[in-house]
Amino acid sequence: MYVWIWHHLPGNLALKIVEVTALLIVVSALLLFVVFPWIEPHVPFTRGGTVNGQ
Amino acid sequence: MLDGTDTQLDPGPPPESPAVRSAGRRARMTTGDKVRFGLRGVGQTLITLGLVTLLFVVYEVWITNIFAHWRQEKVHTQLEQAWQDGIDPLALPGGNQSGIPIGEGIANIYIPRFGRDYHFTVVQGTDDASLSKGPGHYVGTALPGEVGNFGVAGHRVGKGEPFLNLDHLRPGDAVIIQTKTQWFVYRVIGNVDKGEAGLSWQDLNGVPGREIVDPSAGRVLAPWPDKPGSPAPPTYNRYMTMTTCHPKFTAAQRMIVHAQLDATLTTASIGPSQMPASIQALYSAPGL
């Protein structure tokens, strides 16, 4: 999968490194600011320190 | 034909272009090649999933703190502004709490044991959205200073982590609640001479300073803590209860700290709220 992406990036080695870095930043930002906040309510171990049965 | 003319030597088939060559190779992929290809894909997927999980942990302990800090700043500013405008979210017609919007700031909390820089604006409500702004007041439990049990929940790790160090509280430690017109000083219950061990000591109503409970233990929020169904006790009946997750990184249990109202200071609210000298003195208390 990653070899395929590398192979299909335009440009020489230097340009490819820049492109990979940019891709990593974009994917990380997408995960950190969009995907994770969205799935968080459904993850079992992020409760707020509350007791139930009040 | 041997007639002296040069016969053009057959150059043979044209050299294979790389595309044709690899197509030929792909067509001749062995089972072994397929297995290796599949395993490589599985390996890459697992590593990717591992990295994403790692990134999620980074998110929980770092990114959520950044968001929460921003939300807490907003809520704090809104409350201070409301006080300056003469509005008290806790001044309810007929004392009815249901008039307080969920997620709205109601009071400030200061805990000298956690340092001079520690302060949070407590919001009304304990749902996820409210707790992402700061500590939250359990709806229906007493308000600050009232008879009964003023219940406050807070995150332990991430999302601002207001109660990260709840385990550092010792018997007698001050927990300060500031409203528009009053300062309340609650003190953690327990035997002050015994340090952390003194937290298991119970007051005259049978309430300990600290207990570790199941997440379902709503009894700790009862008007008489740990005695659900009973009204508040006849004396020493102005409790405050703080709840958070325990152990630190899991939600398996809850850490509960109980405190009793020790002093009330009524101050006229003029302009930006200043901490009265007697409250400031609590930061110089011996043993901190």
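In chain B, strand E1 (residues 105-110) and strand E2 (residues 119-124) are antiparallel and share five bridges. Strands here, like helices, are DSSP runs numbered from the N terminus, at least two residues of E for a strand and at least four of H or I for a helix; two strands pair if DSSP finds at least two bridges between them. This is a predicted model, with local features needing pLDDT of at least 70 and side-chain atom pairs counted only at pLDDT 80 or more, while totals for chains, interfaces and linings use all residues. Residues are numbered from 1 along each chain as its sequence is written, and chains are lettered from A and ligands numbered from 1 in the order in which they are written.

Back to E1(B). Asn108(B) has Thr121(B) as its bridge partner in E2(B). E1(B) also has three bridges to strand E5 (residues 174-178) of chain B, again antiparallel, and there Ile109(B) stands opposite Ile177(B). Six of the six residues of E1(B) are buried, meaning that 20 or more other C-beta atoms, placed from the backbone, lie within 10 Å of the residue's own; 12 or fewer is exposed, and in between is partly exposed.

Now chain B as a whole. It has four helices and nine strands, and of its 288 residues 34% are buried.

One loop residue: Phe249(B) sits between strand E8 (238-246) and strand E9 (253-266) of chain B. Why is Phe249(B) classed as partly exposed? Because Phe249(B) has 14 C-beta neighbours inside 10 Å. Its C-alpha atom is 6.7 Å from that of Val157(B), 92 residues away along the chain.

Next, the interface. Contact means C-beta atoms, placed from the backbone, within 7 Å; by that rule 17 residues of chain A touch 31 residues of chain B. On the chain A side, helix H2 (residues 13-39) gives the largest share, four residues. That side of chain A has eight nonpolar, eight polar and one charged residue. Ala, Val, Leu, Ile, Met, Phe, Trp, Tyr, Cys and Pro are nonpolar, Asp, Glu, Lys and Arg charged, and the others, Gly among them, polar.

H2(A) packs on helix H2 (residues 31-84) of chain B at about 65°, axes 10 Å apart. Axes are lines fitted to C-alpha atoms over the stretch in contact, and angles run from 0 to 180 degrees between N-to-C directions. From H2(A) the contact uses Ser28(A), Leu31(A), Leu32(A) and Phe36(A), and from H2(B) Val52(B), Leu55(B), Phe56(B), Tyr59(B) and Ile63(B). By class, that is eight nonpolar, one polar and no charged residues.

Technical notes: Contact = placed C-beta atoms within 7 Å.
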